[in-house]
Each structure stands twice: as structure tokens, then as C-alpha cells.
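Here's a quick tour of the structure shown below. Keep it open while you read and find each spot as we get to it.

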Amino acid sequence: MDELQKYISDQQEWSEKTFGTGMRTLGITSHIEKELSEIRAKPDDLEEWIDVIILAIDGYWRAGGKSEELMKRMNDKQAKNFSRTYPFPVSQDVPSEHIRLADIALHEADLSDDNMFGLDH
């Protein structure tokens with residue numbers, strides 16, 4: 001068992017004993033939102049960032065994620081993100097999401113010959 005797996009195992013044991021079993025989706029996501037507000041107020045507070053990571057891991061295993069699969073899943077997701085196209089951020093304060101092919105297809109359909117000026121009929 002590597003260090004991350006041991007951490008998750010210990011965290012899971014403590015969390016189940018402290019908060020009970022079950023998904024706790026609303027409780028966890030509400031707590032993450034609270035932590036995000038604290039990060040916005042004090043973005044250099046690394047402990048608040050760690051709180052979000054801990055809560056995310058708690059949600060991960062409660063949703064059925066296995067500790068021994070986490071690194072592979074993170075690496076797979078990272079590879080997927082690296083393969084995507086992202087616009088350059090217009091501002092530090094605006095989310096930067098990847099360009100979705102469905103969004104491009106929808107935009108192209110709006111500008112098709114039947115609607116070349118983007119006007120609704």
C-alpha cells in the first residue's frame with residue numbers, strides 16, 4: 001500500500017466513524033462551497049486548499065472510488081484534459097473550460113445556409 005492509499009484508508013476509517021456511512025453528497029459539497037468561500041477570502045491559505053482536497057477524496061470514496069485506483073483515475077483525467085483545447089483565459093477571475101465539440105457543432109448549425117446570419121425564424 002503506497003502513502004496515498006494509506007492516507008485514504010485512514011481518512012475513510014475516521015470519516016465513517018465520525019460522520020457515518022452513505023454518500024453524504026449534499027453535506028460534502030456544501031462543505032466544499034464553504035471552503036471555497038474561505039479560499040476566495042484568503043487565496044494563499046494552503047490549509048483551506050487542503051480542506052477541499054480532503055473533502056473531495058471523502059466524496060470520491062463515498063461514491064465508490066477505490067484508493068488503489070485514485071492515481072490512475074487522476075492520471076487518466078489529466079491526460080484527457082491535456083488532450084483538450086482551452087481558450088486563453090480572458091481574466092484570472094473567469095473559469096477557463098475546454099472547448100466542447102458539441103458547442104462548435106451547435107454554433108456551426110446556427111450559422112448554416114438556412115440561418116447564415118444567426119437569426120431565428
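This is a predicted model, and it holds one aromatic pair. The rings of Trp-14 and Phe-19 have their centres 5.4 Å apart and their planes at 85 degrees, so we call the pair edge-to-face.

**The aromatic pair**
- In general, you describe a pair of aromatic rings with the distance of the centres and the angle of the planes.
- Planes over 60 degrees apart count as edge-to-face, and the 85 degrees between Trp-14 and Phe-19 put their pair in that class.
- Are the two partners buried, exposed or something in between? Trp-14 has 44% relative accessibility, so it counts as partly exposed.
- Phe-19 has a relative accessible area of 42%, and that makes it partly exposed too.

**The chain as a whole**
- The protein chain has five helices and zero strands.
- If you start from the N terminus, the elements run α-α-α-α-α.
- There are 121 residues in the protein chain, and buried residues make up 17% of them.
- Take the contacts between residues at least 6 apart in sequence: 48% of these join residues at least 24 apart.

**Where α2 meets α3**
- Helix α2 covers residues 25–41 and helix α3 covers residues 46–62; their axes come within 9 Å and cross at roughly 165 degrees.
- Angles over 145 degrees count as roughly antiparallel, and α2 and α3 are therefore roughly antiparallel to each other.
- The crossing of α2 past α3 is left-handed.
- On the α2 side, the contact uses Ile-28, His-31, Ile-32, Glu-35, Leu-36, Glu-38 and Ile-39.
- On the α3 side, look for Glu-48, Trp-49, Asp-51, Val-52, Leu-55, Ala-56, Asp-58, Gly-59 and Arg-62.
- Sorted by class, the contact of α2 with α3 has eight nonpolar, two polar and six charged residues.

**Where α1 meets α3**
- Helix α1, made of residues 3–19, packs with α3 at an angle of about 80 degrees, and their axes are 10 Å apart.
- That angle falls in the 65 to 115 range, and α1 and α3 are therefore roughly perpendicular to each other.
- Phe-19 turns up again here: the α1 side consists of Tyr-7, Ile-8, Gln-11, Gln-12, Ser-15, Glu-16 and Phe-19.
- Facing them from α3 are Ile-54, Ile-57, Asp-58, Trp-61 and Arg-62.
- By class, you get six nonpolar, three polar and three charged residues in the contact of α1 with α3.

**Where α1 meets α4**
- The axes of α1 and helix α4 (residues 67–83) come within 8 Å and cross at roughly 125 degrees.
- What do we call that arrangement? α1 and α4 are oblique to each other.
- Here α1 passes α4 in a right-handed crossing.
- Leu-4, Gln-5 and Ile-8 of α1 touch Ser-67, Glu-68, Leu-70 and Met-71 of α4.
- The residues of this contact of α1 with α4 split into four nonpolar, two polar and one charged.

**A look at Tyr-60**
- Which helix holds Tyr-60? You'll find Tyr-60 in helix α3.
- Buried means under 20% relative accessible area, so Tyr-60, at 17%, counts as buried.
- Tyr-60 and Met-23 are 37 residues apart along the chain, and their C-alpha atoms are separated by 9.3 Å.
- Setting aside neighbours within four places in sequence, Tyr-60 is in contact with Gly-65, Lys-66, Glu-69, Leu-70 and Arg-73.

Note on methods:
Residues are numbered from 1 along each chain as its sequence is written. This is a predicted model: local features need pLDDT of at least 70, side-chain atom pairs count only at pLDDT 80 or more; totals for chains, interfaces and linings use all residues. Side-chain values use heavy atoms; hydrogens and water are left out. Axes are lines fitted to C-alpha atoms, for helices over the stretch in contact, and angles run from 0 to 180 degrees between N-to-C directions. Helices (H or I, at least four residues) and strands (E, at least two) are DSSP runs, numbered from the N terminus. Angles under 35 degrees count as roughly parallel, over 145 as roughly antiparallel, 65 to 115 as roughly perpendicular and the rest as oblique. A crossing is left-handed if the near helix is turned anticlockwise from the far one by less than a right angle, and right-handed if clockwise. Contact means heavy atoms within 4.5 Å. Ala, Val, Leu, Ile, Met, Phe, Trp, Tyr, Cys and Pro count as nonpolar, Asp, Glu, Lys and Arg as charged, and the others, Gly among them, as polar. Rings of Phe, Tyr and Trp (its six-membered ring) pair if their centres lie within 6.5 Å; planes under 30 degrees apart count as stacked, over 60 as edge-to-face and the rest as tilted. Buried means under 20% relative accessible area, exposed over 50%, partly exposed in between (1.4 Å probe, protein chains only).
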